[in-house]
Amino acid sequence: MTSQAMKYTIPSTKYTPENTRYGMPKNGVTLPATRYTVHEWTGSNANQYMTAGSERTSSHNLRLESERLRCETADRTRRTQKDINVKLQDRIENITYWKTEVDRQLQKTDQEIANLMASKKQLEQAHVATQLPHEVATTCLKHREGRLSIDLVHDDVEVQLLKEVEMIENVQALLQQRILESDRQLSELRHCKNNLEADLKDKCSSYGLDSRCASLNNGSLGMGIHNNAVKIDPKSATPASYEAFSHDNITNSEKQRVSSCRQRELNEHTMHQTSNDLQNQAETVNESFRIRILEMITAKTNLEENLNQTILEIGSMNENIAALKEAIRLKDSPMRVAHMRLNTRAYRPNIELVRDPVQYGLVEEVAQITDSVEALTSKLNESLNKLYNLECNKKALEEDIAVKTNSLNIDQSQCLRLRKTLVWRSFRPATMFSATTVCHSKVPIIL
C-alpha cells in the first residue's frame, strides 16, 4: 500500500420518492431523505480503509522521524553541552592565568610603591639634613662680618664659605626636584595599581561566575529559563580585546616599575653624589679655616714680637732722651763760666784789653758749647719725635694684635668650633634596598 491512499468519489445522486423504483413508503414508514447504493457503501468503506492505512503509515514514519530527531537532538545537546563545559574549563584556565599574572603584577607594583616611598623619604631626610650645614655656613659668614679693620678681608675662607652656601642651596633644589619627580612617579604607579586592582576584582568575579557555571549540570536545582540572557551584547569585549586589556595593564605596570626603578637609582645617585660633594666642600672650608687661623696666629705672633721690641726700644729711647736732657743741662755751667769769664775780662782797662789766646779760647769755648747744645737739642727733638712714632707704632701694633685676636676668636673659637659639631654622614644608607628590589636595568644617569 502506497503512502497516498486511493480516493473514491461518492455519487451525489439524491434518492427522493420520485426517483425511487419502489415509490412512496408503505404502511406509513418514513425513510431517510438521502439513500446510497451498496457500491457507494463499499467504496466508502474502502476509502476509510485506505485513509486509515495512509495515516498509520504517515504516523509510523513520523514516529521514526521523531525518534531519529530525538536521538539526534539529544546527541547534539550532549555534544554541545560537553563542548560548552570544555570551553568553560578553558575559559576558567584563561581567567586563572590572567588573574595570576595581574595579581603578581599588583604585588610587584605594591612593592615598588613601597620602595619608591622609602627612597622619597630618604630624599626628604637628606633635604632636612642640609638645613643645619646651610645654617652653620651662613652663621660663619655672619660671624666673620665681625672682623675689624684690615682683617675684614675677602680671603679664601670667605670664598669657600660662599661656595659652600651656594652648593648647599643647589643641592637642596636638586633634592626637591627629585622629590617632585618621585611624587609624579608614585602617582603613575598608584594609577597602575588601581587599574590592576579593578582588573583583578573583575577577574575574581568572572572566575567565580564561570566556576559556578561549570559546576551546573542537568540535575542542578534552582535553574530556570532566562530569555533576556540569550543574546550577544555588541558592546561586550572580544577575547582579543579582553587579553589586550589585561596585557596593556601589565605592560604599563612593568613600564612604570622600570621608570620607578630608574627614579630610585637616580635618587640614590643624587644623594650619594651630593653628599660626597658637600662633604668634600666642608673639608675644603675647614682646611681653609685651619690655614687662615695658622696665618693669623703667625701674624699675631710676629706683631707681638714687634710690640715687645718696640716697647724695649721705647724704653731705650726714653733713656736716650733723659741722657740728652742731662747732657744739655750739663752744658749750662760751662757756658755760664765761659760767659762770666768773658764778661769779667771785658772790664780790663786800656791796653790790657788785649785779644790774647785766652780771649780767643773763651770765645771759641762759648761757640763750641753753643754748637754742642744745639746739636744735643736737635738730637733730643729727633729722639722725641722718634719716641712719638714708637708710641704710635706701639699703639698700632696693640690695635692690630687686638684685631688679630678678635679674628682668631671668630674663626677659631666660634666658626671652627661650630663646624666641628657637624658630623658628616652620607645621605644614602649602606642598605637602601633589599636584594629583591634591586633594579637590573642599565640606565645612564645624567645630573
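Gln 185 is buried, with a relative accessible area of 11%, where buried denotes under 20% relative accessible area, exposed over 50% and partly exposed the range in between (1.4 Å probe, protein chains only). The model is predicted, so that local features require pLDDT of at least 70 and side-chain atom pairs count only at pLDDT 80 or more, whereas totals for chains, interfaces and linings use all residues. Residues are numbered from 1 along each chain as its sequence is written, and side-chain values use heavy atoms, with hydrogens and water left out.

Gln 185 lies in helix α3, which covers residues 156-215; helices (H or I, at least four residues) and strands (E, at least two) are taken as DSSP runs and numbered from the N terminus. Not counting residues up to four places away in sequence, Gln 185 touches Leu 116, Gln 256, Ser 259 and Ser 260, a contact being defined by heavy atoms within 4.5 Å.

For the chain as a whole, six helices and zero strands are assigned, and from the N terminus on the elements run α-α-α-α-α-α. Of the 447 residues in the chain, 28% are buried. Among contacts with a separation of 6 or more, 89% are accounted for by residues 24 or more positions apart.

Two packed helices are described by the angle between their axes and the distance between the axes. Helix α4 (residues 239-330) and helix α5 (residues 332-345) pack at an angle of about 15°, with their axes 4 Å apart; the axes are lines fitted to C-alpha atoms, for helices over the stretch in contact, and the angles run from 0 to 180 degrees between N-to-C directions. This angle makes α4 roughly parallel to α5, given that angles under 35 degrees count as roughly parallel, over 145 as roughly antiparallel, 65 to 115 as roughly perpendicular and the rest as oblique. In this contact, Ile 328, Arg 329 and Leu 330 of α4 meet Asp 332, Ser 333 and Pro 334 of α5.

The place of Tyr 360 is in helix α6 (residues 357-420), and at 51% relative accessibility this tyrosine counts as exposed. The C-alpha atoms of Tyr 360 and Leu 342, which are 18 residues apart along the chain, are separated by 9.9 Å.

The structure holds one aromatic pair, formed by Tyr 97 and Trp 98 in an edge-to-face arrangement, 5.3 Å centre to centre and with 75° between the planes. Rings of Phe, Tyr and Trp (its six-membered ring) pair if their centres lie within 6.5 Å, with planes under 30 degrees apart counted as stacked, over 60 as edge-to-face and the rest as tilted. Tyr 97 is partly exposed at 47% relative accessibility, whereas Trp 98 is buried, with a relative accessible area of 9%.

The charged end of Arg 91 sits over the ring of Tyr 242, 4.0 Å from its centre, and the charged end of Lys 99 sits over the ring of Tyr 207, 5.3 Å from its centre.

Notes. Lys NZ or Arg CZ within 6 Å of the ring centre and 35° of its normal.
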